Amino acid sequence: GLTAGEPDVLDPPLARTFSGREVFLTFCEKLYDLNAKAQIVPQLASALPTISKDKLTVTIPLRKGIKFNDGTPFNADAVVQTLQRDLTLKGSARASEISPIDTVTANGASTVVIHLKAAYSPLTAQLADRAGMIMSPTQLNKLGDKFATAPVCVGPFNYDSRVAGDSITVTKSQFYYNKKNVHLDKIVFKVENDTAASAAALKAGDLQALDGTDSTQLAGVRADKGLTILKQTGLGYQGLTLNIGNKNGLLKGYSNVGTPLAANADLRKAFEMAINRAQMNTVVFGGTVLPGCTPISPSSAWYDPSVKCTPYNPTQAKQLVQQSGIADTTVHLMVPTATAALRQAQFIQAEEAAVGIKVVIDSTDFVTSLSKADAGTYDAFQIGWSGRLDPDGNIYQFVATTGSQNDSGYTNPRLDLILNNARKASTETARKTLYRAAQKLMLADQPLIYLYHPITFASLSTKLTGVSLYPDTLLRVAFAAYK
């Protein structure tokens with residue numbers, strides 16, 4: 001059961017959803033991966049990269065004797081084609097993640113050489129996620145920008161079929177290099193938006209796993225002896241993206257959209273001050289999330305406790321609303337159709353009403369909401385990010401002027417300079433100092449209002465073994481076995 005909404009397009013450069021990442025784990029392996037200790041380890045690469053003294057040349061050795069799920073040999077040319085596509089495909093969400101790459105070349109069949117425009121510390125971490133998912137050149141040449149209709153990568157499973165709004169099915173691969181450790185014949189990923197219905201389906205045996213369990217259902221799941229729970233504090237965040245300058249569409253030139261929140265910084269501040277994060281945790285989530293106001297989770301080694309939150313202060317928020325001089329402070333909040341998301345939106349609606357801001361909840365299916373966010377046809381969007389090991393992955397693409405997911409339309413030359421310098425910096429101390437400055441700028445301008453860091457409670461049938469929940473909070477089921 002997928003509880004974070006329906007996966008979007010199953011094409012690694014274009015994909016953006018958390019649930020899509022979980023599906024990809026079964027059929028689209030990466031150059032690198034994370035282990036249970038949140039360390040980067042080789043997956044399709046045979047070792048960690050070698051980096052030149054000037055930090056501009058990155059050499060990646062590849063594993064040999066591997067095939068894609070259509071029988072095509074995995075080699076350096078395939079990696080080159082994939083990375084070039086990540087950089088150039090129209091609408092690629094990976095483009096800004098690996099934008100410091102200048103050229104990619106193959107040095108024989110088993111070595112890839114990446115030449116950088118500037119030193120780029122987060123590169124290996126980026127290649128441990130969708131930017132590092134290598135696609136079959138045979139299928140790319142056949143389908144082009146229609147790759148998502150029949151995606152082929154290296155993985156324990158093959159993509160089989162999809163029923164829009166309902167399910168995605170994968171089947172065991174005959175070409176996988178480690179197929180002796182693949183025990184399931186098929187996995188069906190079901191979209192589960194209703195928290196009570198999904199928990200009931202798990203208890204009834206109609207589902208064998210849920211990637212997240214709502215706080216209202218935890219007690220019932222814990223009481224069921226046929227079920228077990230995995231718990232993990234994630235690297236990501238949940239919050240609100242505010243449309244400040246996305247008037248023409250993503251990356252099409254930003255100018256203020258003129259809505260109350262966009263036009264008035266004090267109103268944005270009031271909007272945040274009106275939200276009691278601690279109370280929201282209790283009322284909406286039953287104490288099962290971690291309130292926070294930054295893009296970096298306390299579970300990350302990069303977390304900086306010196307970055308302080310805007311305090312909850314409804315009295316001052318009300319004063320700021322009155323001082324703004326804006327007669328109509330109506331804000332349309334776009335919210336995914338899942339039960340918990342709507343419950344959170346209703347809490348925010350009540351908090352804002354108390355200070356004089358009217359929130360209209362626009363319930364929208366998740367895939368459509370992503371399209372509307374890119375187009376800039378929204379005021380505020382209740383959305384989060386599942387998190388990355390390197391802080392660049394949680395920040396740059398959302399708030400840098402050239403960020404490939406900058407749906408806020410926010411641009412700040414000073415922040416751009418700080419973030420680009422953080423990419424180039426080679427020491428952890430220097431990077432932490434730069435990210436501290438970046439977060440303080442973001443908290444002042446508020447293109448996003450961060451609300452909390454998720455704690456994932458995955459629920460499983462006790463008959464299901466070999467399932468893991470890593471710090472990226474992705475439920476890994478590819479090597480599971482079912483009794």
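**Disulfides and a helix contact**

A disulfide (cysteine sulfur atoms within 2.5 Å) joins C28 to C153, with an S to S distance of 2.0 Å. The model is predicted: local features need pLDDT of at least 70, side-chain atom pairs count only at pLDDT 80 or more, and totals for chains, interfaces and linings use all residues. Residues are numbered from 1 along each chain as its sequence is written, and side-chain values use heavy atoms, without hydrogens and water.

The structure holds two disulfides. The S-S torsion of C28 and C153 is about -40°, so this disulfide is left-handed. C28 lies in the loop between α1 (18–27) and β1 (32–34), and C153 in the loop between α4 (137–143) and β7 (157–163), so the pair ties together parts 125 residues apart in sequence. Both C28 and C153 are buried (under 20% relative accessible area; exposed is over 50%, partly exposed in between; 1.4 Å probe, protein chains only).

The other disulfide joins C293 to C309, S to S 2.1 Å. It is left-handed, with -95° about the S-S bond. C293 is buried at 3% relative accessibility, whereas C309 is partly exposed at 40%.

Helices α9 (residues 277–285) and α11 (residues 339–353) pack at about 135°, axes 10 Å apart. Helices are DSSP runs (H or I, at least four residues), and strands are E runs of at least two. Axes are fitted to C-alpha atoms, for helices over the stretch in contact, and angles run from 0 to 180 degrees between N-to-C directions. Contact (heavy atoms within 4.5 Å) involves Q279, M280, V283, V284 and F285 of α9 and A340, R343, Q344, F347 and E351 of α11.
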